[in-house]
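Work through the exercises below with the sequence and the 3D structure at hand, and try each task before reading its solution.

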Amino acid sequence: MNKGRLIVFSAPSGCGKGTMLAEILKDPAFRCSISATTRAPRVGEVDGVNYHFLQKEDFLARVEKGEFLEHAEYVGNCYGTLLSEVDPYLDKGINVILEIEVQGAMKVKEIRPDALFIFIVPPSIAELRRRLNKRGTEQADVIEKRVSEAAGEISKAPNYDYVIVNDALEDAVSDFFAVIRAEQLKTESRREFIDEVIKNA
């Protein structure tokens, strides 16, 4: 059985990565890692579905035991990716997607350089601003802050293996699967197959 691939998936807020992931995860060969956090659940959030909600003492104890692939503290709460959310699935041949921000992605890159890094960008900053305004959930000053943050995040895109423009959803999802197929056809991915062919010549 071929091992699954760890895929790091990043995008600024408003780029539609959630909608893309919903389409990608219709394929049973992919799953999204569920992050752990020490923050309290929000209304409607379910433990083990939205997050693994942990007490801070438990979280830090697991860090000490080396149970996290990556972790960080943000506004007083801890967030991280448990190895139990990654490796057992990769061993079963399932591709695991980490939906993670740029800082966390770069930590993963240091630990798992063999992971596949994909960055999602909007077709333009103007379109990103339009999408954020269309949500109607935030004030204009908050939207402008998000747009400014997005520009900073997009500047880190060259650190990723592939950049996908999410203009039309169907095209962006198709591009994602094209990237996966291209990776499967790389020489290093085909090494076992090549050896097998030679052995049976």
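**Exercise 1.** Find the place of aspartate 171, and decide whether aspartate 171 is buried, partly exposed or exposed.

*Solution.* Aspartate 171 lies in helix 7, which covers residues 169-184 (helices are DSSP runs of H or I with at least four residues, strands are runs of E with at least two, and both are numbered from the N terminus). The relative accessibility of aspartate 171 is 49%, so this residue counts as partly exposed, given that buried means under 20% relative accessible area, exposed over 50%, and partly exposed in between, with a 1.4 Å probe and protein chains only.

The model is a predicted one, in which local features need pLDDT of at least 70 and side-chain atom pairs count only at pLDDT 80 or more, while totals for chains, interfaces and linings use all residues. Residues are numbered from 1 along each chain as its sequence is written, and side-chain values use heavy atoms, with hydrogens and water left out.

**Exercise 2.** Where is asparagine 166 placed, and which residues is it in contact with, leaving aside neighbours within four places in sequence?

*Solution.* Asparagine 166 sits in the loop that runs between strand 9 (162-165) and helix 7. Its relative accessible area is 5%, and therefore asparagine 166 is buried. With those sequence neighbours left aside, its contacts (heavy atoms within 4.5 Å) include Cys15, Met20, Pro122, Arg131 and Ala172.

**Exercise 3.** Describe the surroundings of glutamate 153.

*Solution.* Glutamate 153 belongs to helix 6, residues 140-154, and is partly exposed because its relative accessible area is 22%. Beyond its neighbours within four places in sequence, glutamate 153 is in contact with Ala11, Pro12, Val102 and Phe119.
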